[in-house]
Amino acid sequence: SASEIDSHTRDLIDENAIIVLNKSDQSGAPSWSGDLGPNVISISVTQEQGLDHLLDHLGEALEKAFHVPRGTPSLTRQRHRQNVEQAQEHLTASLTGMDNAALPELIAEDIRLAVRALGRVTGRVDAEDLLDVIFKDFCIGK
């Protein structure tokens with residue numbers, strides 16, 4: 001709603017800056033947005049206008065800055081897919097438990113199991129998991 005941009009803010013703007021102007025739905029929206037370059041995005045939070053454009057712009061900027069391709073990484077190993085599916089099931093169960101006023105201990109257990117399943121994908125595995133694999137997959141004689 002400011003009639004002009006202050007000098008301190010203007011000094012912060014460079015070619016990497018993304019300027020987000022809120023309240024675009026109100027009359028008297030800033031007319032000076034054109035002097036700020038191509039990275040100006042007008043939004044209205046109350047009217048939920050321009051938010052998708054802002055998120056797309058941020059995603060593109062992050063992809064460019066960090067050279068990370070957008071999209072979901074593919075899970076090439078069957079066990080990774082199974083662990084992610086297990087994590088999703090446990091998280092869904094925890095959310096269902098919250099909606100149904102389940103005991104906090106049961107909700108926490110579902111969250112713990114989801115974290116454990118994701119840990120198997122990311123490589124964060126504790127000693128208990130290793131022992132489970134050893135005794136499950138290997139025959140240990142007497």
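The model is predicted. The protein chain has 5 helices and 2 strands, and a nonpolar surface patch of about 440 Å² is formed by five named side chains, among them Leu91 and Ile111.

**Overall make-up**

- Read from the N terminus, the order of elements in the protein chain is α-β-β-α-α-α-α.
- The protein chain contains 142 residues, and 19% of them are buried.
- Of the contacts in the protein chain between residues at least 6 apart in sequence, 30% join residues at least 24 apart.

**Helix H2 and its surroundings**

- Helix H2 covers residues 51–66, a run of 16 residues.
- From its first C-alpha to its last, H2 reaches 22 Å, close to the 22 Å expected at 1.5 Å a residue.
- The buried residues in H2 are Leu54, His57 and Gly59.
- Cover for the buried residues of H2 comes in part from the strands, including E1 (19–21) and E2 (40–42).

**Asn83 in helix H3**

- Asn83 is a residue of helix H3.
- Asn83 counts as buried because its relative accessibility is 7%, and the cut-off for buried is under 20%.
- Leaving out residues up to four places away in sequence, Asn83 touches Ala117, Arg120 and Val121.

**Nonpolar surface patch**

- The residues that make the patch are Leu91, Leu95, Met98, Ile111 and Val115.
- Two elements give two or more residues each to the nonpolar patch: helix H3 (78–99) and helix H4 (104–122).
- H3 makes the biggest contribution to the nonpolar patch, giving 3 residues.
- An α-helix has 3.6 residues a turn, so residues three or four places apart point the same way.
- Leu91, one of the patch residues, is placed in helix H3.
- Leu91 has a relative accessibility of 38%, so this residue counts as partly exposed; that class lies between the 20% limit for buried and the 50% limit for exposed.

- Helix H3 holds both Asn83 and Leu91.
- Asn83 is buried at 7% relative accessibility, whereas Leu91 is partly exposed at 38%.

Notes: Residues are numbered from 1 along each chain as its sequence is written. This is a predicted model: local features need pLDDT of at least 70, side-chain atom pairs count only at pLDDT 80 or more; totals for chains, interfaces and linings use all residues. Side-chain values use heavy atoms; hydrogens and water are left out. Patches are made of residues with over 30% relative accessible area and no salt bridge: like charges are joined within 9 Å, nonpolar side chains (Val, Leu, Ile, Met, Phe, Trp, Tyr) within 5 Å. Accessible areas come from the Shrake-Rupley method with a 1.4 Å probe; for residues, only the protein chains shown count as cover. A salt bridge is a side-chain nitrogen of Lys or Arg within 4 Å of a carboxyl oxygen of Asp or Glu. Helices (H or I, at least four residues) and strands (E, at least two) are DSSP runs, numbered from the N terminus. Buried means under 20% relative accessible area, exposed over 50%, partly exposed in between (1.4 Å probe, protein chains only). Contact means heavy atoms within 4.5 Å. The expected span of a helix is 1.5 Å times one less than its number of residues.
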